[in-house]
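This briefing covers selected side-chain features, grouped by topic. Please read it alongside the sequence and the model.

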Amino acid sequence: VYYSPELMGWTFGVAYTPSTAHKGDGTLDNQTAGKAKLPGNRGLYDHTGNQPFDLRNVSIGLTYRKEMGKWNITLSGAGITAKSYFYNSTTGRVPFQNTKAYQLGFVLGYGDFRFGGGYLDNGKSHLPRTAGFTYGPNNINLGSMNNGNAGHAWNAGAGYTMGAYQVAAAYQRTNRNTGDFQKAHSDFYSATLDVTPLTGLKIYTEVDYIRSRSNDAAVKRETAFINSPGVSGVKDNSGLIGIVGTKVSF
């Protein structure tokens, strides 16, 4: 359910989801050990089986936009809350740390320039409530994951429009405590060039460099999940991504 009116520059939205479990579709079942890693679950739990799910999930968003001559500003915020559970085939439904997350952002424009930034914090959403929670077909012990966090991130970017051309660059940093103050983080660097040669046609290019760093405890846990001789988790990684595409609107 979603509702979003607009009044005097303000836009307010609210959404309600009774349950985020996908029980009923075998390939997407995140409650009773389905086989798909669903969007939103990646990063906390490595096994493709059952994942934490929400009941009575409520999301609220608020945006304000104002123009003043060559200046314009957009402020936005969103929050989400829900009761979170994990389904264990032996003990049934287990309460997890409830979903409590929020995001704040802004975009400031002057003429052909744009500047923006944002921050998000997932708190302890979907973490076990106790130490030593076991998970997956091999009953992997998650150890001190309960006293970590579900991650927070910030980003900043700028863009400039020159007639038919738009250039932009951005940076994002994500941080997470995987338990007992063991840190993991990622850095994202992005640069884009968009061209609008005709009304309704846009050609865009993007280059991203991503670098991630983890810790020995998280690697050991990932290796146990993989459970394959000679194969271990990856502690540090980096990669370069290029994207080229078109957009047509009419």
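Helix H1 spans residues 216–226, and its buried residues are Ala218, Val219, Arg221 and Phe225. Viewed along the axis of H1, these buried residues fall within an arc of 160 degrees, so they line one face of the helix. The model is a predicted one.

**Helix H1**

- An α-helix has 3.6 residues a turn, so residues three or four places apart point the same way.
- Asp216 and Lys220 are exposed residues carried on the face of H1 that is turned away from its buried side.
- Asp216 has a relative accessible area of 55%, and the cut-off for exposed is over 50%.

**Salt bridges**

- Side chains of opposite charge can pair when their charged atoms come close.
- Four salt bridges are found in a search of the whole structure.
- Lys235 is partly exposed, at 36% relative accessible area.
- A salt bridge is also formed by the side chains of Asp187 and Arg173, with an N to O distance of 3.1 Å.
- Asp187 is in strand S13 (residues 183–198) and Arg173 is in strand S12 (residues 165–177), so this pair ties together parts that are 14 residues apart in sequence.
- Asp187 is buried, with a relative accessible area of 1%, whereas Arg173 is partly exposed at 22%.
- Glu67 and Arg65 meet through their side chains in a salt bridge of 3.2 Å, N to O.
- Glu67 is exposed at 54% relative accessibility, while Arg65 is partly exposed, with a relative accessible area of 40%.

**Aromatic rings**

- Twelve aromatic pairs are found in a search of the whole structure.
- In the pair of Trp71 and Tyr110, the ring centres are 4.6 Å apart and the planes stand at 50 degrees, so the pair is tilted.
- Trp71 belongs to strand S5 (residues 71–88) and Tyr110 to strand S7 (residues 99–110), so the pair ties together parts that are 39 residues apart in sequence.
- Trp71 is partly exposed, with a relative accessible area of 41%, and Tyr110 is partly exposed at 35% relative accessibility.
- One aromatic cluster is formed by Trp154, Tyr171, Tyr189 and Tyr209.
- Arg93 places its charged end over the ring of Tyr85, 4.2 Å from the ring centre.

**Nonpolar surface patch**

- Leu7, Met8, Trp10, Phe12, Ile60 and Leu62 make a nonpolar surface patch of about 660 Å².
- Strand S3 (10–19) and strand S4 (53–68) are the elements that give two or more residues to this patch.
- Ile60, one of the patch residues, lies in strand S4.
- Ile60 is partly exposed, with a relative accessible area of 43%, and patch residues need over 30%.
- Ile60 and Gly13 are 47 residues apart in sequence, while their C-alpha atoms are 5.7 Å apart in space.

Note on methods. Residues are numbered from 1 along each chain as its sequence is written. This is a predicted model: local features need pLDDT of at least 70, side-chain atom pairs count only at pLDDT 80 or more; totals for chains, interfaces and linings use all residues. Side-chain values use heavy atoms; hydrogens and water are left out. Patches are made of residues with over 30% relative accessible area and no salt bridge: like charges are joined within 9 Å, nonpolar side chains (Val, Leu, Ile, Met, Phe, Trp, Tyr) within 5 Å. Accessible areas come from the Shrake-Rupley method with a 1.4 Å probe; for residues, only the protein chains shown count as cover. Helices (H or I, at least four residues) and strands (E, at least two) are DSSP runs, numbered from the N terminus. Buried means under 20% relative accessible area, exposed over 50%, partly exposed in between (1.4 Å probe, protein chains only). Rings of Phe, Tyr and Trp (its six-membered ring) pair if their centres lie within 6.5 Å; planes under 30 degrees apart count as stacked, over 60 as edge-to-face and the rest as tilted. A charge sits over a ring if NZ of Lys or CZ of Arg is within 6 Å of the ring centre and within 35 degrees of the ring normal. The arc is that of the directions from the helix axis to the C-beta atoms.
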